Protein chains: 2
Amino acid sequence: MRNTRSRHLSGTMASLGEFGLIRRIRQMLPETTAAVECGIGDDTAVVKLTGTSSRRILITADMMIEDTHFSLSFISPFALGRKAAAINFSDIAAIGGAPRFMLVSVGLPLGFRTETIMTIYRGLRAEAKKFGCRIIGGDTVRAKCLILDVIVVGMLKAGQPPAYRSKARKGQHVYVTGSPGESGAGLELLRGTWRLRKRLGRTATRLIARHVSPTPRVREGEILSQHFHDLAMIDVSDGVYSDLNMLAAASRKGIQIELERLPCSATLRRFCNAVNKDALNYVLFGGEDYELLFTTRASPEKIARLFRRHRIKTPVSQIGSIEGRGVVFLDASGKVRRLRDKTFKHFS
Amino acid sequence: MRNTRSRHLSGTMASLGEFGLIRRIRQMLPETTAAVECGIGDDTAVVKLTGTSSRRILITADMMIEDTHFSLSFISPFALGRKAAAINFSDIAAIGGAPRFMLVSVGLPLGFRTETIMTIYRGLRAEAKKFGCRIIGGDTVRAKCLILDVIVVGMLKAGQPPAYRSKARKGQHVYVTGSPGESGAGLELLRGTWRLRKRLGRTATRLIARHVSPTPRVREGEILSQHFHDLAMIDVSDGVYSDLNMLAAASRKGIQIELERLPCSATLRRFCNAVNKDALNYVLFGGEDYELLFTTRASPEKIARLFRRHRIKTPVSQIGSIEGRGVVFLDASGKVRRLRDKTFKHFS
């Protein structure tokens, strides 16, 4: 992407891109310290407060802008509130933490309906309540479109190490929770024709729900990171392909993925058959899955037992291992398959 | 204001207003708990984290939107960054805390110049450094205009009570720091003609600087609240008139202000003479002063001694006392003077 931009955009966000900007900001800021264990670059910032024993505090923020990140013609105000909370909880989950406090900064046009914003808050509150999180403040300002910036403060249990994405080590297995790709298919259905939705019936309803009401894997993240101290984790927000690359880059390790092992739900398969598309595209490049991608030496059986013990029903798929260099995809015969990056880029 | 809105706006933000919305959100959320000492309604949220002894943590967020809160034709990118940090530090100061960590959520148009956003970050970093605060994270998204949401986490010293605005008690003096009104005059100069600016020379430069580069009273707030445990405090962001009313309402107490005692700097007086306007309008309704308005039983002499000991040169003016009902303004002869509220309303 970055090499094909036209020259007249040089020196703008269009040529630098989101991750280019984050890299530059990171370079500009001082290194981590005793108080700031992890600054810019992981799912959440991790800080230690002096005089607060050694408990770590997690802070994350996610900004959503109308007609860029959502459209009120595709999502109800209540669902929007829930989703805005859920995607932040997913960031907290990816470090292994539990959300505790939430602040919400809202930008609103003058003619915005009061009931709509109240319903968005009800959605935020409902999702927060599910995870024992409390809304404690924020800001309300006038804007040209609806803007929601949700800030969540979370915590780790005493002695629990953060599951940084940079902790991947050679020999670990690579896992992913749930069914990535369904959310991307759901978004396509929302943007598509009524006819297709009607034809697909409950398949369509399920996929759309996965896009509109994602479930952050908070409990899963907590349990995993409390039990496996070698855990490296990231939440799948831009698609499995993109987040595998993020994890590999942060850890400076290679990843081998067996394409056959990537989970593909029956629902997603039905959708792909109906629209005659390759399910792999959705699983790898769909985005907004909010599943957890993690690496550990723990075996699939050990993880299954742990989840059973804690009554967690979320499926976990072992999809590869930490080895070699770069992110490599192998087909059923063990041959390397080259894939073109189709990840959605926010500044292009 | 709220009664004169036209009917076709009923049910919208235009009829509810910012504070109406905050009130409704507050009603919707549960009461404070052991963990959430102060939720929505003060300058910052105040929480206690379990397992972190009993240190209180302060969290505040302030969203600024291009062409609503600022215009890059009136403020340089560096100054904008500094100011975005400063107004959050002012909220932390108003509780008596010190800023520790900052997150920044940024919305940027596609064609936004990289150098401009980097310079804004340099401004944020410079202001943060001044107060021992660290930028640790945030979010970067695509938007139609520049959006900055700055989130600051602060702390109080062990055993230091938060200087809530609801703590005003009968018999206390009312004080204000510095020179409120100068910032409002500065904004008017920025929006006015070059000719006037040129004519006023250094007076104009000083007033504009007060608007563009406000100084949050962090040190002042900390020292005051560490020494006077009866302190009630608020920062002056919407103008002295508005924030006096906020403090009175939060404390359910009356305030009597002696108009003669309101501080009016020589600089502001020179400006008012030149434009033939009443300085009182700027002092009471100017806005964006980021001075501290506080109440305590401590005498002016005691405060002066305390500031001298800590080498703080910021002037403090005793402007009235906590008594009676409502916010009442008295002229030199002790007669009540009725004032029309000219505070800028964000949703109107």
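**First stop: a loop in chain A**

Select Tyr290(A), which sits in the loop between helix 10 (279-285) and strand 10 (291-296) of chain A. Helices (H or I, at least four residues) and strands (E, at least two) are DSSP runs, numbered from the N terminus. Tyr290(A) has a phi near 55°, a positive value in a residue other than glycine. Is Tyr290(A) buried or exposed? Tyr290(A) is buried, with 25 other C-beta atoms within 10 Å. Here, buried means that 20 or more other C-beta atoms lie within 10 Å of the residue's own, exposed means 12 or fewer, and partly exposed falls in between, with C-beta atoms placed from the backbone.

Before moving on, a word on what you are looking at. This is a predicted model, where local features need pLDDT of at least 70, side-chain atom pairs count only at pLDDT 80 or more, and totals for chains, interfaces and linings use all residues. Residues are numbered from 1 along each chain as its sequence is written, while chains are lettered from A and ligands numbered from 1 in the order in which they are written.

**Over to chain B**

Now pick Asn276(B), in the loop between helix 9 (266-275) and helix 10 (279-285) of chain B. Asn276(B) has a positive phi too, near 60°, and is a residue other than glycine. Asn276(B) is exposed, with 6 other C-beta atoms within 10 Å.

**Zoom out on chain A**

The C-alpha atoms of chain A fill a box of roughly 60 × 60 × 55 Å along the principal axes. Of the 348 residues in chain A, 52% are buried. Contacts (C-beta atoms, placed from the backbone, within 7 Å) come next. In chain A, 80% of the contacts with a separation of 6 or more are between residues 24 or more positions apart.

**A sheet to trace**

Colour the six strands of the open sheet in chain A, in the order 1-2-3-6-4-5, with mixed pairing. At the edges are strand 1 (36-38) and strand 5 (134-142) of chain A, each pairing on one side only. Two strands count as paired if DSSP finds at least two bridges between them. Zoom in on strand 2 (residues 45-48) and strand 3 (residues 56-65) of chain A, which pair in the antiparallel sense over four bridges. Click Ala45(A) and look across to strand 3 of chain A for its bridge partner, Ile59(A).

**Two domains**

Colour domain 1 (31-155) and domain 2 (165-330) of chain A separately; the bounds come from an automatic or database domain assignment. Their centres, taken over C-alpha atoms, are 23 Å apart. The contact takes 19 residues from domain 1 of chain A and 18 residues from domain 2 of chain A. On the domain 1 side, helix 2 (77-93) and strand 4 (98-108) of chain A are the elements that give two or more residues. Helix 2 of chain A gives the most, with ten residues.

**Last stop: where the chains meet**

Finally, show both chains together. How many residues does the contact take from chain B and from chain A? The contact takes 66 residues from chain B and 66 residues from chain A. On the chain B side, the elements that each supply at least two residues include helix 1 (13-28), helix 3 (114-130) and strand 6 (147-155) of chain B. Colour that side by residue type to see 37 nonpolar, 17 polar and twelve charged residues. Nonpolar covers Ala, Val, Leu, Ile, Met, Phe, Trp, Tyr, Cys and Pro, charged covers Asp, Glu, Lys and Arg, and the others, Gly among them, are polar.

Note on methods
Two residues are in contact if their C-beta atoms, placed from the backbone, lie within 7 Å.
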